[in-house]
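Hello,

Here is the structure I promised to hand over. My notes on it follow below.

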Amino acid sequence: MAANTEARTDIEEFKREFAWPDDAAGERGITAGSDLEQVIESLHPTVLIGTTGQPGRFTEPIVSAMSSHVQRPLVMALSNPTSKCEVVPEDALAWSDGRALVATGSPFAPVPYGDR
């Protein structure tokens with residue numbers, strides 16, 4: 001999934017109003033071809049909000065990139081049902097060395113990590 005910038009021609013019309021101006025995105029090292037991991041590396045966000053319905057969208061490199069910049073990254077995989085969740089809590093915790101705060105839109109069993 002590429003960054004939503006004005007230069008993209010493959011996005012639905014209703015998403016265009018949310019596209020980044022190319023100059024603002026470019027100042028931060030983001031282009032229409034940038035993927036989510038590149039955006040995270042450029043912007044150092046503290047929160048990931050998943051509403052895509054794309055299971056597995058938040059991959060290990062993405063969660064690891066967040067964790068390299070943020071002590072307690074917040075990973076919100078909100079898509080329903082559980083089969084559409086962007087990341088399962090167990091993976092988000094493992095990939096962040098247990099530091100991620102994980103919120104989901106579907107019920108998951110508690111995940112033990114280390115002695116917690």
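**Notes on the predicted model**

Leaving out residues up to four places away in sequence, Gly50 touches Phe58, Met76, Ala77, Leu78, Ser79 and Glu86. This is a predicted model, and the notes below should be read with that in mind. Gly50 sits in strand β1, which covers residues 47-50. Its relative accessibility is 0%, so Gly50 counts as buried. Gly50 and Lys84 are 34 residues apart in sequence, and their C-alpha atoms are 10 Å apart in space.

Next, helix α4. This helix takes in residues 60-69, and its buried residues are Ile62, Val63, Ala65, Met66 and Ser67. Which elements cover them? The cover over the buried residues of α4 includes α3 (36-43), β1, β2 (74-77) and α5.

One of those covering elements, α5, spans residues 89-95 and contains Ala92. Ala92 has a relative accessible area of 0% and is therefore buried. Not counting residues up to four places away in sequence, Ala92 touches Val63, Val87, Ala100 and Val102. Val63 in that list is also among the buried residues of α4. A distance for orientation: Ala92 and Ile40 are 52 residues apart along the chain, with 15 Å between their C-alpha atoms.

The loop between β2 and α5 holds Pro81. The peptide bond that leads from Asn80 into Pro81 is cis, with omega near -10 degrees. Both Asn80 and Pro81 are in contact with Ser106, as are Ser79 and Thr82, when the neighbours of Ser106 within four places in sequence are left aside. Ser106 itself belongs to the segment after β3 (101-104). Is Ser106 buried or exposed? With 5% relative accessibility, Ser106 counts as buried. Ser79 turns up on the contact list of Gly50 as well.

Two residues other than glycine have a positive phi. His44 is one of them, with phi near 55 degrees. His44 lies in the loop between α3 and β1 and is partly exposed, at a relative accessible area of 40%. Asp97, which is not a glycine either, has a positive phi of about 55 degrees. The place of Asp97 is the loop between α5 and β3. Its relative accessible area is 54%, so Asp97 is exposed.

Last, the surface charge. Which residues gather in a patch of negative charge on the surface? They are Glu6, Asp22, Asp23 and Glu27. Of these, Glu27 is found in helix α2, residues 22-27. Glu27 has a relative accessible area of 65%, and because exposed means over 50%, it falls in that class.

To go through the model by eye, one order would be Gly50 in β1, then the buried residues of α4, then Ala92 in α5. The cis bond from Asn80 to Pro81 can be viewed together with Ser106, which is in contact with both residues.

Regards

Conventions
Residues numbered from 1 in each chain as written. Predicted model: local features only at pLDDT ≥ 70, side-chain atom pairs only at ≥ 80, totals over all residues. Heavy atoms only, no water. Patch = residues over 30% accessible without salt bridge, like charges linked within 9 Å, V, L, I, M, F, W, Y side chains within 5 Å. Areas by Shrake-Rupley, 256 points an atom, 1.4 Å probe, with all protein chains shown as cover. Salt bridge = Lys/Arg side-chain N within 4 Å of Asp/Glu carboxyl O. Lys, Arg positive; Asp, Glu negative; His and termini not counted. Charge placed at Lys NZ, Arg CZ, Asp CG, Glu CD. Helix = DSSP H or I, 4+ residues; strand = E, 2+ residues; numbered from the N terminus. Buried < 20%, exposed > 50% of the residue type's maximum accessible area, 1.4 Å probe, protein only. Contact = heavy atoms within 4.5 Å.
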